[in-house]
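Let's take a friendly walk through a protein model, with an eye on its aromatic rings. Keep the structure open beside you as you read.

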Amino acid sequence: MDCCSISIFMTHLSNYGNDRLGLYTFVHLASFIRSWTNLKLHTLPPLQLAHKYFQLFPEQRNPLWQNPCDDKRHKDIWSKEKTCDRLPKFMVIGPQKTGTTALYLFLLMHPSISSNFPSPKTYEEVQFFNTNNYHKGIDWYMEFFPVPSNVSTDFLFEKSANYFPSEESPRRAAALLPKAKIITLLINPSDRAYSWYQHQRAHEDHAALRFTFYDVISARQGAPAELRSLQNRCLLPGLYSSHLDRWLTYYPANQVMIIDGHQLRTDPAAVMDEVQKFLGVTPHFNYSQALTFDPQKGFWCQLLEGGKTKCLGKSKGRKYPPMEPEAHAYLSRYYREHNVELSKLLHRLGQPLPSWLREELQKITLASINQG
């Protein structure tokens with residue numbers, strides 16, 4: 001009479017890499033079963049075993065890397081060459097086209113702040129938590145960071161602008177970096193959407209060259225896939241309250257800083273003073289003396305010795321033609337409820353409303369009065 005199938009797997013195989021405990025346990029378990037039961041034991045090659053395991057436990061297909069230094073037992077079996085000091089203390093999470101590259105360069109001016117090494121594929125961004133890079137593991141991630149010269153004073157960080165709208169990133173980041181501080185920048189979502197569209201045109205994206213901005217944002221179901229994909233990249237990151245709610249599910253509010261991207265562009269020294277306070281980084285760096293406005297480029301640049309300046313690349317600060325009025329009206333309607341929810345969220349957090357958000361709320365109020 002057939003009874004049943006019993007599966008025996010050894011998890012945490014790497015834990016037994018330097019001793020024979022795992023082998024000893026399994027050999028004696030098999031011996032016991034053969035001697036005292038009528039069960040027949042079979043095994044499979046490792047790859048087939050892996051497939052069988054994930055058939056039985058499909059929820060474990062996607063890993064969730066936790067901080068290896070939070071558990072002394074894990075730390076004890078770690079190689080002495082590894083250190084959690086290479087994990088970042090804070091992250092700039094985006095979204096794209098809000099000023100994250102400028103913030104990244106301003107942060108690097110601080111003597112106590114260092115970023116990750118550049119990626120050959122994604123330049124200054126690691127893009128670990130939001131892509132399949134996550135499956136490459138913690139060691140792969142930490143290789144992007146230098147060993148800090150002074151653990152107590154040096155601040156490592158990374159900037160990956162696609163983290164902000166990613167559904168997986170908040171949970172993954174909080175599991176590995178629960179104490180990290182999170183910085184996000186917000187500009188008017190309509191401006192952000194238009195900037196992304198123009199960015200794609202500059203990079204000769206086929207859909208951006210083929211369709212007008214209004215065609216892109218107003219596309220309906222059944223539109224070509226490339227058009228719908230560009231539409232999503234334009235519109236979805238601007239649903240700020242939804243994305244912030246997701247991050248605040250995993251991080252406490254006192255670890256999250258929300259920057260007005262327009263203020264960073266017009267008064268970066270004041271913003272960087274607040275960023276330094278938020279991070280608790282020392283010594284205090286005087287950005288008022290380190291930055292200068294370049295009237296030709298139209299934005300702030302790093303002031304070097306001899307009056308020279310170091311500015312963002314040619315692709316930054318590019319002048320766009322004005323947004324079509326119909327597109328502007330469409331986006332105002334599209335983001336209306338989301339902007340209201342964002343204002344409620346910022347009130348709950350005790351944070352001031354950005355100037356652009358106050359303007360959008362005033363438009364909503366005036367529209368309601370006119371309709372009434």
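## A buried tyrosine and its partner

Tyr141 is buried, with a relative accessible area of 0% (buried means under 20% relative accessible area, exposed over 50%, and partly exposed in between, using a 1.4 Å probe and protein chains only). Phe129 is buried as well, and its relative accessible area is also 0%.

A word on the ground rules: this is a predicted model, where local features need pLDDT of at least 70, side-chain atom pairs count only at pLDDT 80 or more, and totals for chains, interfaces and linings use all residues. Residues are numbered from 1 along each chain as its sequence is written, and side-chain values use heavy atoms, leaving out hydrogens and water.

## Rings in pairs

How many aromatic pairs are there? The count comes to 25. For this count, rings of Phe, Tyr and Trp (its six-membered ring) pair if their centres lie within 6.5 Å; planes under 30 degrees apart are stacked, over 60 edge-to-face, and the rest tilted.

Phe129 and Tyr141 make an edge-to-face pair, with 5.3 Å from centre to centre and 65° between the planes. Phe129 lies in the loop between β2 (113-115) and α5 (138-142) while Tyr141 lies in helix α5, so their pairing ties together parts that are 12 residues apart in sequence. Helices (H or I, at least four residues) and strands (E, at least two) are DSSP runs, numbered from the N terminus.

Now look at Tyr194 and Tyr320, an edge-to-face pair with centres 6.1 Å apart and planes at 80°. Tyr194 belongs to helix α7 (residues 189-202) and Tyr320 to the loop between β8 (309-310) and α15 (325-349), so this pair ties together parts that are 126 residues apart in sequence. Tyr194 counts as buried at 8% relative accessibility, whereas Tyr320 is partly exposed at 27%.

## A cluster and two charges

One aromatic cluster includes Trp65, Tyr134, Trp140 and Phe144, along with Phe129 and Tyr141. The charged end of Arg172 sits over the ring of Tyr134, 4.1 Å from its centre. A charge sits over a ring if NZ of Lys or CZ of Arg is within 6 Å of the ring centre and within 35 degrees of the ring normal.

## A covered helix

Is helix α4 (residues 100-108) mostly made of buried or exposed residues? Seven of the nine residues in α4 are buried, among them Tyr104 and Phe106.
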